[in-house]
Amino acid sequence: MPFQQTRFLWVPVLGAVLMTVSSYVSVPMYPVPITAQTLTVLLLGAFAGPRLGVVSVLVWIALAAAGLPVLSDGAGGLEALSGSTAGYIAGFPIAAYLAGVAERTFPSSSLRLFAAFLVAHLVILSLGWAWLSRIVGPATALEVGVTPFLIGAVIKSALALLTIAIWRYRTG
């Protein structure tokens, strides 16, 4: 099989592995831990493209649904996917798609790409808030499920942008 044809097979597998590793990079918080997942989601979309970025995230979610310990704290299974983090996880494929489209739309505009990464984070946080609101109420969901993650969203968006800039510089 030529490289381009096999790319569709190995990129999602590698993406799911990276999502799993980023799940284990975690700062425990209740009810939602801080992880490196959203940074990885942005990078998957940006480097793999919108389609393969989404497929990578969906493969990772399918592995979690199958019960494999790919989520934060080694969680897996349908119960873990329907818990307090379900809304955030639902936002991951959308964010990967947005990051992929943004990287192709704004390849020479760091400011626009950074803004697009922030929007992708806001999509994740909004869906996370909506789901978490059903569990703990809207005000508490905002307090514990969105506000603590805003600075991290800015930092992770900047790290994604820096990673892309370094990659572009090194590859010419």
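How many of the 12 residues of α2 are buried? I looked at this helix before the rest.

**Ground rules.** I am working on a predicted model, where local features need pLDDT of at least 70, side-chain atom pairs count only at pLDDT 80 or more, and totals for chains, interfaces and linings use all residues. Numbering starts from 1 along each chain as its sequence is written, and side-chain values use heavy atoms, with hydrogens and water left out.

**Entry 1, α2.** I find 11 of the 12 residues of α2 buried, so the helix is mostly covered (buried means under 20% relative accessible area, exposed over 50%, partly exposed in between, with a 1.4 Å probe and protein chains only). The buried set includes Q37, T38 and T40 as well as V41 and L42. Helices are DSSP runs of H or I with at least four residues, numbered from the N terminus. From first C-alpha to last, α2 reaches 16 Å, close to the 16 Å expected at 1.5 Å a residue; the expected span is 1.5 Å times one less than the number of residues. G49 follows α2 and has a positive phi, near 100°.

I looked up the largest nonpolar core and found 37 residues. Such a core is a set of buried Ala, Val, Leu, Ile, Met, Phe, Trp, Tyr and Cys residues joined through side-chain atoms within 4.5 Å. V41, V57, W60, L71, I89, F92 and F117 have the most contacts inside this core. Two or more residues come from each of α1, α2, α3, α5, α6 and α8, and α6 gives the most, with 8. Leaving aside neighbours within four places in sequence, I89 is in contact with W60, I61, L71 and L81 (contact means heavy atoms within 4.5 Å).

I place G67 in the loop between α3 and α4. G67 counts as partly exposed because its relative accessibility is 42%. G67 and G77 are 10 residues apart in sequence, yet 3.8 Å apart in space, C-alpha to C-alpha. Not counting residues up to four places away in sequence, G67 touches G76 and G77.

The axes of α7 (138-145) and α8 (147-171) come within 4 Å and cross at roughly 40°, which means α7 is oblique to α8. Angles under 35 degrees count as roughly parallel, over 145 as roughly antiparallel, 65 to 115 as roughly perpendicular and the rest as oblique. I list L142, E143, V144 and G145 of α7 against T147, P148 and F149 of α8 as the residues making the contact.

Notes: Axes are lines fitted to C-alpha atoms, for helices over the stretch in contact, and angles run from 0 to 180 degrees between N-to-C directions.
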